[in-house]
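Here is a brief report on one protein chain.

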Amino acid sequence: VQPAGDHYYFVHSYYIDDPTDSDLMWSCEYAGIRFPAAIRRENLYACQFHPEKSQQAGLRFLRGFLLGGRG
């Protein structure tokens, strides 16, 4: 996942096509396709990956989410 550089667990093959640049948090590339891995708009956050299955990177993501980015 860019720009974080961490590895996350993805299981589904669907994704948001061409999100607004201001909504894009992280992106990922698989099989030559770049797609959004995490987006945000106002107080709504969404991720394409499964943080609960992503080992240490997922725990850091969830901790940061619960602590408002102070994790």
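## Surface and fold

The chain exposes about 5,500 Å² of accessible surface, and 52% of that belongs to carbon and sulfur atoms. Areas follow the Shrake-Rupley method with a 1.4 Å probe; for residues, only the protein chains shown count as cover.

This is a predicted model: local features need pLDDT of at least 70, side-chain atom pairs count only at pLDDT 80 or more, and totals for chains, interfaces and linings use all residues. Residues are numbered from 1 along each chain as its sequence is written, and side-chain values use heavy atoms, with hydrogens and water left out.

The chain holds 1 helix and 3 strands, in the order β-β-β-α. Helices (H or I, at least four residues) and strands (E, at least two) are DSSP runs, numbered from the N terminus. The C-alpha atoms fill a box of roughly 30 × 25 × 20 Å along the principal axes. Of the 71 residues, 30% are buried. Buried means under 20% relative accessible area, exposed over 50%, partly exposed in between (1.4 Å probe, protein chains only).

## Positive phi

Most residues other than glycine have a negative phi. Two exceptions are tabulated here.

| Residue | Phi | Location | Relative accessibility |
|---|---|---|---|
| Gln55 | about 55° | helix α1 (residues 55-66) | 64% |
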